[in-house]
Protein chains: 2
Amino acid sequence: MDNMKLIGDLLHSHGLKKTPIRTEVLELFMDHDFALSASDIVAKMTAGHDRVTIYRALSSFEEHGILHRASEDGQGTKYALCGHKCPDEQHTDKHAHFVCDECHQTYCLEDVQVPEVEVSSEFTVERTSFVLGGICRQCQQ
Amino acid sequence: MDNMKLIGDLLHSHGLKKTPIRTEVLELFMDHDFALSASDIVAKMTAGHDRVTIYRALSSFEEHGILHRASEDGQGTKYALCGHKCPDEQHTDKHAHFVCDECHQTYCLEDVQVPEVEVSSEFTVERTSFVLGGICRQCQQ
DNA sequence: TATTTAAATGCAACTTAGTTGCAAATATAA
DNA sequence: TTATATTTGCAACTAAGTTGCATTTAAATA
Ligand SMILES: [Zn+2]
Ligand SMILES: [Zn+2]
Ligand SMILES: [Zn+2]
Ligand SMILES: [Zn+2]
């Protein structure tokens, strides 16, 4: 598990300082296969770090393409690394996401491409979000 | 413009009492071709009605299939009648929506069907939301 | 028309997500 | 080791949305 090395490189390659908080946040993302919100992270962080710092880390990671928005239901924005344990390129919004109505977890559906559609020339499309909702396997049994 | 008749029938057919506030809310939806949030409505309503009442009207209309959720960006949930001036059936989530990054207005793209996709059997899909973002014609000039 | 009652409204208070300004702390580079 | 830009913490704020409860009102019916 040399996530540490990975994280160091990732932060450095984006000109971001490697701080304990950022490191821990990225570790959390690598240790989960579902998306995390700011408050999820605050709850999972060891020490009692300030919410604001977490919000700023998430914004910064999003701006640098380290994280992408996976969903934004009323309970807050959830973020994810693009591929689970692949903190690399293509953190795009080109795949769909799934939100479970039961456990409220959000998953990246990396093998479900967001479809291309024809839209009236009245609109210039620059972003796309395709979010499916329902029940995940754990919540079904 | 016998929207009044339409609104009366609509409310009555759902067993909802016809009140001045609900009437005015539905008129607002009929008079706009973009989706409206609770605070949009509060701002456009004549008298100074309570926010809570508007939230409750919107929830009630959503439960009865009179309105559907068009988008929920960080700035709040926007609702729309299914067809502009067609307060009837099929207030489904089967069409896409467009959110303008400039004016922050949300439009129903009633001719853009939400695509059907194959999803891993790990997930049981019950809802779908397909939201496009970009710039609308007015904001492009 | 007058009475009754369930439904709708208003108000106050609360929760939660997210933001801003500023001072103090700290990661890195020289 | 020092200097500096970046990051963090704190306090305070905004905005969306919710809840409980008392009051009002639409509409059914007597
Ligand atoms: Zn679940
Ligand atoms: Zn994703
Ligand atoms: Zn626009
Ligand atoms: Zn719509």
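B:His104 lies in the loop between strand 4 (95-100) and strand 5 (106-113) of chain B, strands being DSSP runs of E of at least two residues and helices runs of H or I of at least four, numbered from the N terminus. This is a predicted model in which local features need pLDDT of at least 70 and side-chain atom pairs count only at pLDDT 80 or more, while totals for chains, interfaces and linings use all residues. Residues are numbered from 1 along each chain as its sequence is written, chains are lettered from A in the order in which they are written, and side-chain values use heavy atoms, without hydrogens and water.

B:His104 is not a glycine, yet its phi is positive, near 60 degrees. Its relative accessible area is 46%, so B:His104 is partly exposed (buried is under 20%, exposed over 50%, partly exposed in between, with a 1.4 Å probe and protein chains only). In chain A, A:His104 is found in the loop between strand 4 (95-100) and strand 5 (106-113). A:His104 has a positive phi of about 60 degrees and is partly exposed at 46% relative accessibility.

Now to the helices of chain B. The axes of helix 1 (residues 3-13) and helix 2 (residues 20-31) of chain B come within 10 Å and cross at roughly 120 degrees. Helix 1 of chain B is therefore oblique to helix 2 of chain B. Axes are lines fitted to C-alpha atoms, for helices over the stretch in contact, and angles run from 0 to 180 degrees between N-to-C directions; under 35 degrees is roughly parallel, over 145 roughly antiparallel, 65 to 115 roughly perpendicular, and the rest oblique.
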